[in-house]
Structures are given as C-alpha cells and as structure tokens.
Amino acid sequence: MKPTLHQLRVFHTVASLGSFTRASEALHLTQPAVSIQVKQLENVIGLPLHEHVGKRFSLTGAGHAVFLAAKEVRDRLDDLGEEIAELKGLKRGRLKVSVATTAGYFATRMLAGFARSYPEVSISLDVTNRERLLAQLENNERDLVIMGEPPAGKDLEFQPFLDNPLVIIAAAGHELAGAEQISLEALRGRPFVVREPGSGTRAALERVFAENEITVASVMELSDNESIKQAVQAGLGLAVASRHTLDMELQTGRIVILSVQGFPIVRHWYLAKRTGKQLSPIAQLFEAFVMCSGGEYSTL
Ligand code: PGA
C-alpha cells in the first residue's frame with residue numbers, strides 16, 4: 001500500500017499547523033475525519049508520525065520525513081498544473097459552470113480565484129436552484145456543476161469538497177434566541193419562511209421535519225436567500241439557511257442561529273458532472289482547482 005494524495009495533504013496540514021483541530025478547520029473536515037486520515041497514513045508507513053509531549057504536538061523522525069515528502073509532492077503538483085496548462089495552451093477558452101443558489105455565496109469568489117490564475121479563460125456562471133441544475137446536467141448543458149448532494153441513480157459522478165451546515169435562524173430579538181438545545185417539538189406550528197420548491201435547502205428542511213413528524217406553518221415562500229434573511233429579520237418567522245449565507249447578518253447581530261436539537265444538518269457541496277463526460281482541458285483544470293483549493297474560499 002502507498003500513501004494517498006489525500007492522506008499526505010491532510011498530514012501536511014496537521015503538521016504545518018501543529019494541531020488536529022486547526023487542520024480540521026482549515027480543511028473543512030471533521031476532526032475524526034482528519035484523525036482517521038493520519039492514522040491510515042501511519043498504518044501505511046508502519047511507524048508513528050506524531051507524538052504529544054505534554055500538550056504539545058510534535059513530529060517523530062518518520063513524521064518529519066513524511067512531512068517533507070508531502071510538501072514536495074504538493075509543490076510539484078502545483079507546478080505541474082501550470083506547466084501542463086502552458087503546454088496545452090490552456091490560457092484561452094470558455095468554462096461553463098452552474099452552481100446552486102446557495103453555493104453562489106462562495107462560488108463567485110472561487111471562480112475569481114480561478115480567473116486570476118487563468119485570466120484568458122472566459123467564464124460563464126449560472127446561479128440557479130437544484131432542480132434546474134439537475135436538468136442542466138441531464139441535457140449536458142454545462143461543464144461542471146456545484147450542488148448539494150446529487151441524487152443516486154442519475155448517471156452522475158460527484159465528489160464532495162466542502163461542508164454545508166444548515167442552521168435554523170431567527171431575528172435577533174426572537175423569544176427562542178439564546179435558548180439552549182431547543183427541541184424540534186418546540187418548533188411545531190411556528191411560522192417559517194421557506195425557499196421555493198426545487199431548492200436543496202428546502203428539501204433538507206422538509207426531510208428533517210417529516211422524519212420527526214413535525215409540521216410548521218409555512219408563511220411565505222421566497223426564491224433567494226437574501227429575501228429569506230430579510231423576511232426573518234422583519235419578524236415573519238424562522239427559516240432554515242445554509243451557514244454559508246449568513247456571514248454579514250451574524251456579524252451585525254441582526255440574525256441569530258438557534259440552538260436546536262439535530263441542527264446543524266451537515267450537508268456537503270459536491271462538484272458534479274455527467275458520468276463519462278469528456279471534460280475540456282479547461283474544465284479539467286477547474287475540477288482540479290476546486291478539489292485542491294475549493295475549501296479555501298469558504299467563509300465558514
Ligand atoms: P439551494 O442549495 O437550496 O440553493 O438549491 C442547494 C442545496 O443545498 O442542495
């Protein structure tokens with residue numbers, strides 16, 4: 001068995017930051033997921049790679065050697081991407097990407113990062129809801145799509161690259177604000193503003209409430225996250241929203257996240273394409289870019 005690139009990347013991050021917790025934040029993985037990758041790498045290498053001296057994290061001799069190798073591999077792959085791009089004359093061309101409405105909160109910055117590396121690539125970005133994304137994939141209209149969990153059995157290939165925690169939000173002065181561990185039962189019958197049918201956020205909300213046999217009063221249906229947040233602030237009701245959409249409102253204290261049992265629902269963002277799709281060289285580069293660096297554009 002050989003170390004995988006993912007194991008090396010995770011270990012490199014842990015060793016650079018000297019902490020499993022900080023590495024899990026930087027990589028947008030859970031701490032157990034990070035620990036498992038490091039454990040598996042230690043099994044493959046056959047020696048411990050780190051030790052705790054008192055509370056301090058430190059590398060063993062083998063850990064140092066693996067850290068240096070992981071750094072070289074990473075640097076070399078970065079260079080290779082650039083070299084191949086040059087060789088293929090990839091600095092030009094068109095990339096067609098669609099992203100879920102909610103993913104728009106980080107995807108635009110991510111595309112800007114990609115555009116800085118490949119300034120002559122022209123990018124067409126469509127921000128739309130889950131249902132439309134699935135139709136676009138089926139009709140082969142886009143190179144790649146960023147969406148919440150794609151359905152099984154649809155001839156799609158997809159890879160997760162970022163967490164998407166869904167939380168319940170309320171206006172700052174709401175009676176439940178500040179309460180701990182609110183039960184789902186306490187939400188029964190309460191007014192909610194909800195996303196339009198076809199939204200992945202809405203589907204997740206409906207699934208959780210149905211599983212727990214909770215019915216809420218859906219008082220308004222809105223097709224974008226900004227309007228949902230406005231409605232919540234105006235006191236129309238509670239809502240389920242992706243944590244990715246809330247930066248500004250949490251900073252200004254206009255919206256609060258309620259502490260509700262079973263929340264956040266942790267979903268993921270996936271990069272999806274049709275099974276067997278022949279990606280253009282530019283789309284291949286974008287795929288590699290998202291899988292390697294997509295997490296860096298998250299505000300979580
Ligand atoms: P959406 O988000 O609610 O904007 O469609 C996609 C998803 O969470 O699946």
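Reader: What volume does the largest pocket have?

Author: This is a predicted model, and its largest pocket comes out at about 1,500 Å³.

Reader: How many residues line the largest pocket, and which lie nearest its centre?

Author: The lining has 48 residues. Nearest the centre are Asp 78, Ala 288, Met 291, Cys 292 and Ser 293.

Reader: Which element gives the largest share of that lining?

Author: That's α10, with ten residues.

Reader: OK, next one down. What's the volume of the second largest pocket?

Author: About 170 Å³.

Reader: Which element gives the most to the lining there?

Author: α7 does, with six residues. Both α7 (200–211) and β11 (265–274) supply at least two. Among the lining residues are Arg 130, Glu 149, Arg 207, Glu 211 and Arg 267.

Reader: How many charged residues is that in the second largest pocket?

Author: Five charged, alongside five nonpolar and one polar.

Reader: Which residues are around the ligand?

Author: Ala 100, Thr 101, Thr 102, Arg 130, Gly 148, Asn 164, Arg 195, Ser 199, Gly 200, Thr 201, Arg 267 and Trp 269. By type, that shell divides into two nonpolar, seven polar and three charged.

Reader: Arg 130, Gly 200 and Arg 267 are around the ligand. Which pocket do they line?

Author: Arg 130, Gly 200 and Arg 267 are among the residues lining the second largest pocket.

Reader: Nice. How far is the polar side-chain atom of Arg 267 from a ligand oxygen?

Author: 2.5 Å. For Thr 102, a polar side-chain atom lies 2.7 Å from an oxygen atom of the ligand. Arg 195 has a side-chain N or O atom 3.1 Å from a ligand oxygen.

Reader: And what percentage of the ligand's accessible area does the protein cover?

Author: 100% of the 280 Å² that the ligand has on its own.

Conventions:
Residues numbered from 1 in each chain as written. Predicted model: local features only at pLDDT ≥ 70, side-chain atom pairs only at ≥ 80, totals over all residues. Heavy atoms only, no water. 1 Å grid on protein atoms, 1.4 Å probe; cavity = no way out; pocket = protein on both sides within 12 Å on 5 of 7 lines; lining within 4 Å. Points joined across faces, edges and corners; volume = space filled by probe spheres on them. Helix = DSSP H or I, 4+ residues; strand = E, 2+ residues; numbered from the N terminus. Nonpolar A, V, L, I, M, F, W, Y, C, P; charged D, E, K, R; others polar. Near = heavy atom within 4 Å. Polar contact = N/O pair within 3.5 Å; in protein donor to acceptor, adjacent residues only side chain to side chain. Areas by Shrake-Rupley, 256 points an atom, 1.4 Å probe, with all protein chains shown as cover.
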